[in-house]
Amino acid sequence: MSILVTGGAGYIGSHTCIELLNAGYEIVVVDNFFNSKPEALKRITEITKKSFSFYQADLLDKTALEKVFSENNIDAVIHFAGLKAVNESIKIPLHYYHNNVTGTLILCEIMKKYNIKKLIFSSSANVYGRPKYVPVTEDSSLGPINPYGRTKLIIEEILNDLYISDHNWSISLLRYFNPIGAHESGKIGEDPNDIPNNLMPYINQVAIGKREKVNIFGKDYNTHDGTGVRDYIHVVDLAKGHLKALEMVLGTTGIDVFNLGTGVGYSVLDLIKSYENITSQKIPYGFTQRRAGDIDKCYADTTKANEKLGWKAAKNLEDMCYDSWKWQKNNPNGYRE
Ligand code: NAD
Ligand code: WQD
């Protein structure tokens with residue numbers, strides 16, 4: 001059984017490649033290294049002791065992508081490749097729409113041509129926009145409030161239309177909440193190129209001494225301590241969710257959407273305190289203004305994934321903090337020498 005993983009050198013993709021290889025799947029990885037490094041792929045082999053095919057290709061390059069399909073007997077696709085920075089998407093929306101939406105259209109066209117109709121797509125809790133209630137269920141109202149989130153919703157709609165046009169497709173739309181943590185080996189993890197946008201990589205860089213303190217965006221949210229509450233999920237739990245979704249798409253046809261989170265919300269201060277406790281690193285912080293577009297709280301109702309996929313996150317906040325720190329401590333410069 002051979003699985004094409006687009007964006008497999010990236011943060012979530014690399015962790016999922018490990019779980020796929022450990023479970024006995026063959027994988028073919030496609031990535032353009034726009035937001036990742038070849039070293040991540042070497043580490044996947046180091047951890048799993050298994051090799052796999054890799055193509056450095058852009059999804060927008062139809063000829064290059066078609067070569068991947070003509071040279072391999074692919075059974076299903078897990079599609080991670082995409083741009084993901086919310087603020088950047090507001091500055092360069094056309095680039096985001098083109099990369100994420102056009103990239104997915106090209107991928108689906110080629111899949112159709114090669115009669116491969118099994119697809120798992122990385123969607124995001126961002127499609128819920130400002131949730132009217134928490135926990136958020138899959139049928140909560142949708143309304144992303146930035147171009148990044150809209151690329152995800154548009155792709156979900158395209159894939160729904162694709163299924164309506166041809167019921168031989170089998171598609172799983174996975175809405176991730178806030179993935180953090182790293183592989184327990186400490187060899188792969190999240191490696192942001194620039195100043196981190198997201199909280200955990202920022203905390204890691206404070207812990208390692210690269211940044212002075214965490215700027216907490218707002219202290220007057222409607223939450224238990226005034227700081228924003230999110231559903232942080234260990235990236236390895238998330239990766240394992242893909243294997244459950246894969247079993248489902250391989251065994252059936254249809255389209256379905258699942259929240260992948262823990263179902264528990266933690267605040268910025270909860271996360272910092274847990275990180276300090278488990279790692280014994282002091283994390284200085286200060287409060288600044290709210291970040292535009294942020295919401296007070298967002299966490300998942302995971303009942304559907306629990307019941308239909310037989311998947312449940314197993315790792316807790318301390319595991320997430322411990323593994324994030326282990327990755328950062330072992331790799332102070334990420335994948336760079
Ligand atoms: P990432 O940036 O680490 O990985 C994405 C990978 O895709 C990168 O290796 C990048 O080089 C590659 N890529 C991007 N555009 C490409 C293209 N046109 N052709 C080929 N490769 C391309 O991001 P991640 O955190 O691993 O996220 C994976 C997916 O999950 C993304 O689609 C993202 O939008 C989605 N997602 C991420 C989060 C999160 O917080 N990390 C949350 C929800 C959803
Ligand atoms: C978490 C909390 C911030 C940084 C984003 C995307 C979402 C998904 C995950 C892709 C919030 C606070 C953060 C900092 C802070 N990605 N914070 N200081 O915004 O929930 O979600 O990443 O799909 O779509 O929107 O994650 O980690 O940026 O923020 O106080 O330096 O930490 O205000 O409350 P977010 P985040």
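**Exercise 1.** How many positive and negative side chains does the protein chain have, and how far apart do the centres of the two sets lie?

Solution. The model is predicted: local features need pLDDT of at least 70, side-chain atom pairs count only at pLDDT 80 or more, and totals for chains, interfaces and linings use all residues. Side-chain values use heavy atoms, without hydrogens and water.
- Lys and Arg count as positive, Asp and Glu as negative; His and the chain ends are not counted.
- Each charge is placed at NZ of Lys, CZ of Arg, CG of Asp or CD of Glu.
- The protein chain has 38 positive and 39 negative side chains, with the two centres 3 Å apart.

**Exercise 2.** Why does the radius of gyration of the protein chain agree with that of a compact globule?

Solution. 
- The radius is taken over C-alpha atoms, and the globule rule is 2.2 Å times the number of residues to the power 0.38.
- For 337 residues the rule gives a value near 20 Å; the protein chain has 19 Å, so the two agree.
- The C-alpha trace spans about 55 × 45 × 40 Å along its principal axes.
- Buried residues (under 20% relative accessible area, 1.4 Å probe, protein chains only) make up 55% of the 337 residues.

Note on methods: Residues are numbered from 1 along each chain as its sequence is written. Chains are lettered from A and ligands numbered from 1 in the order in which they are written. Buried means under 20% relative accessible area, exposed over 50%, partly exposed in between (1.4 Å probe, protein chains only).
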